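User: Hello! I am new to this structure and would like to learn how to read its features one by one. Could you walk me through them?

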Amino acid sequence: MLQLSERLQQNIAFVLRRSRELEEQAASSALSQPGKLTMLCYAASELALTALISSDELESLSLPREEQLLQREAASALRQIALHALDIQAWELPDAIRAELAAIRKHCETLASCAALPPEPEAPAPASLVPVGQKAPAQAEAQNLVLFTPTTEEDEETRLRAQIRALRELLADLVQERDELVHVICRELEARYYRELGSLEAEVFRADGLVNYFRRRAEYLRAARNRDEKPDVEKVEQKLRKDLEEYQKVYEEFTRHAKEAEAQRPKRAGKSTSLAETKTGEKASDPQGQENVEDEIPSEEAEAEDKILSEEDRLKRLYRRIVKAMHPDLHPEQDEATRTLFKRAIQAYKDGDLKTLEEIDGMCADTEPEPGQDPLQALREEKQRLLDLVFSLRYEIRHIKTRFPYTKKKLLEDPELLAAEKKRLEQALFLLRQQAERYRREVADLEGKT
């Protein structure tokens with residue numbers, strides 16, 4: 001169990017207690033009523049920010065080596081609780097909100113198993129915070145709000161600064177997650193998809209085009225014969241050829257992707273992927289089904305893999321630090337030179353260029369935007385701006401995961417599913433070719449009779 005400071009223990013206890021109360025409230029109340037939903041969003045806002053602050057504080061601790069794994073698990077659980085609590089405010093459907101709360105409960109179980117907490121403290125005094133994107137409900141009684149602040153000794157400015165720091169940390173994580181998805185994971189998934197299935201899908205598509213071509217030609221000839229008319233073969237051929245050319249364009253595009261994927265791998269994922277595939281291949285070819293494949297890898301190869309993994313970890317840490325220091329959303333007042341430098345960092349991250357990232361990291365500094373005339377109002381506006389960016393990035397990440405190639409991730413990672421998909425495509429190709437040949441013969445027969 002983690003041995004934490006009294007304040008951090010209180011904050012974590014607050015997160016666990018408030019998460020439980022929110023789920024109970026959602027289960028027992030009609031969330032379709034505007035007032036109930038506002039109260040829930042109001043509470044979820046403070047829960048999210050408290051979890052974020054606690055996560056950042058926990059990650060900053062220097063703990064003994066034996067506690068560091070629990071430290072990472074607890075900090076990750078707090079970060080996930082915060083994300084789901086923020087997502088609650090993006091939903092209006094009660095079932096979606098309850099699903100987010102159920103996800104929070106699972107992360108709370110992980111958090112509780114990692115942190116040694118004292119007996120549950122008494123509830124702190126109520127706080128008067130405004131839910132994200134909403135105004136405080138008029139004439140709301142404090143005792144009816146499921147919302148408290150775990151650090152009542154801090155004034156509003158101190159609390160806002162802590163929340164802004166936590167939101168910047170979260171935003172840096174989300175930017176890195178989005179860029180990792182777009183520039184690394186999806187690029188490798190797309191390349192692997194075309195390597196494994198691209199050629200087959202291209203042939204299936206071309207065969208489907210031929211079936212469509214011969215079927216429509218046969219239908220036209222059959223209809224002309226039934227009407228005792230002489231078919232205008234040249235006219236119908238012109239139209240059908242145009243449609244077939246569209247199929248051919250798509251086929252060529254598939255083929256081009258497949259050839260490119262076969263010829264080259266993404267710069268970052270090439271070495272680590274080849275090692276992973278070596279392991280997978282050895283494991284699949286083992287007649288005894290042994291799982292200790294790692295023991296069979298030569299020590300030099302194992303060392304090379306460790307180096308790749310450490311470089312990848314270094315890339316991520318450097319890029320995250322640069323995002324915090326230079327991302328335009330976090331620093332809207334930055335000059336054009338800094339924006340150009342940040343674009344160079346994005347390209348270096350895509351290419352796995354560790355040396356360039358190290359150089360850029362040495363050039364940048366993490367600074368806060370200058371406060372306006374009213375420091376408190378400037379902090380409130382900055383907090384809201386960061387929250388809006390968090391919502392936007394969360395939506396973008398979810399959207400990426402609903403599109404190709406990420407939707408093929410499960411298929412590509414499961415050898416059995418991949419083999420079944422190849423078999424399905426091969427069978428479809430065989431049937432389409434048979435169908436195309438049958439229609440071709442029918443066309444030849446009809447043209448012979450006319």
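User: How many helices and how many strands does the secondary structure of the protein chain come to?

Analyst: Helices (H or I, at least four residues) and strands (E, at least two) are DSSP runs, numbered from the N terminus. Here the protein chain has 13 helices and zero strands. One word on the source: this is a predicted model, in which local features need pLDDT of at least 70 and side-chain atom pairs count only at pLDDT 80 or more, while totals for chains, interfaces and linings use all residues. Residues are numbered from 1 along each chain as its sequence is written, and side-chain values use heavy atoms, leaving out hydrogens and water.

User: What percentage of the 450 residues in the protein chain is buried?

Analyst: Buried means under 20% relative accessible area, exposed over 50%, and partly exposed in between, using a 1.4 Å probe and protein chains only. In this chain, buried residues make up 42% of the 450.

User: Which residues touch the most other members of the largest nonpolar core?

Analyst: A nonpolar core is a set of buried Ala, Val, Leu, Ile, Met, Phe, Trp, Tyr and Cys residues joined through side-chain atoms within 4.5 Å. The largest one has 98 residues, and those touching the most other members are Ile12, Val15, Leu58, Leu111 and Leu357. Helix H5 (residues 156–226) gives the most to this core, with 22 residues.

User: What does valine 15 touch?

Analyst: Contact means heavy atoms within 4.5 Å. Not counting residues up to four places away in sequence, valine 15 touches Leu47, Thr50, Ala51, Leu78, Ile81 and Leu111.

User: At what angle do H3 and helix H4 pack?

Analyst: Axes are lines fitted to C-alpha atoms, for helices over the stretch in contact, and angles run from 0 to 180 degrees between N-to-C directions. Angles under 35 degrees count as roughly parallel, over 145 as roughly antiparallel, 65 to 115 as roughly perpendicular and the rest as oblique. H3 and H4 (residues 94–114) pack at about 165°, with axes 9 Å apart. That makes H3 roughly antiparallel to H4.

User: Which kinds of residue form the contact of H3 with H4?

Analyst: For classes, Ala, Val, Leu, Ile, Met, Phe, Trp, Tyr, Cys and Pro count as nonpolar, Asp, Glu, Lys and Arg as charged, and the others, Gly among them, as polar. Residues meeting here include Leu78 and Ile81 in H3 and Ile104 and Leu111 in H4. The contact of H3 with H4 divides into 14 nonpolar, four polar and three charged residues.

User: How do H3 and helix H11 pack?

Analyst: H3 (residues 68–88) and H11 (residues 375–400) pack at about 95°, with their axes 11 Å apart. That makes H3 roughly perpendicular to H11. Leu83, Leu86 and Asp87 of H3 make the contact with Leu387, Val390, Phe391, Arg394 and Arg398 of H11. By class, the contact of H3 with H11 has five nonpolar, no polar and three charged residues.

User: Is arginine 385 buried or partly exposed?

Analyst: Arginine 385, found in helix H11, is partly exposed, with a relative accessible area of 23%. Leaving aside neighbours within four places in sequence, arginine 385 is in contact with Asp329, Leu330 and Pro332.

User: Which is the peptide bond from phenylalanine 404 to proline 405, cis or trans?

Analyst: Most peptide bonds are trans. The bond from phenylalanine 404 to proline 405 is cis, with omega near 10°. Proline 405 lies in the loop between H11 and helix H12 (409–413).
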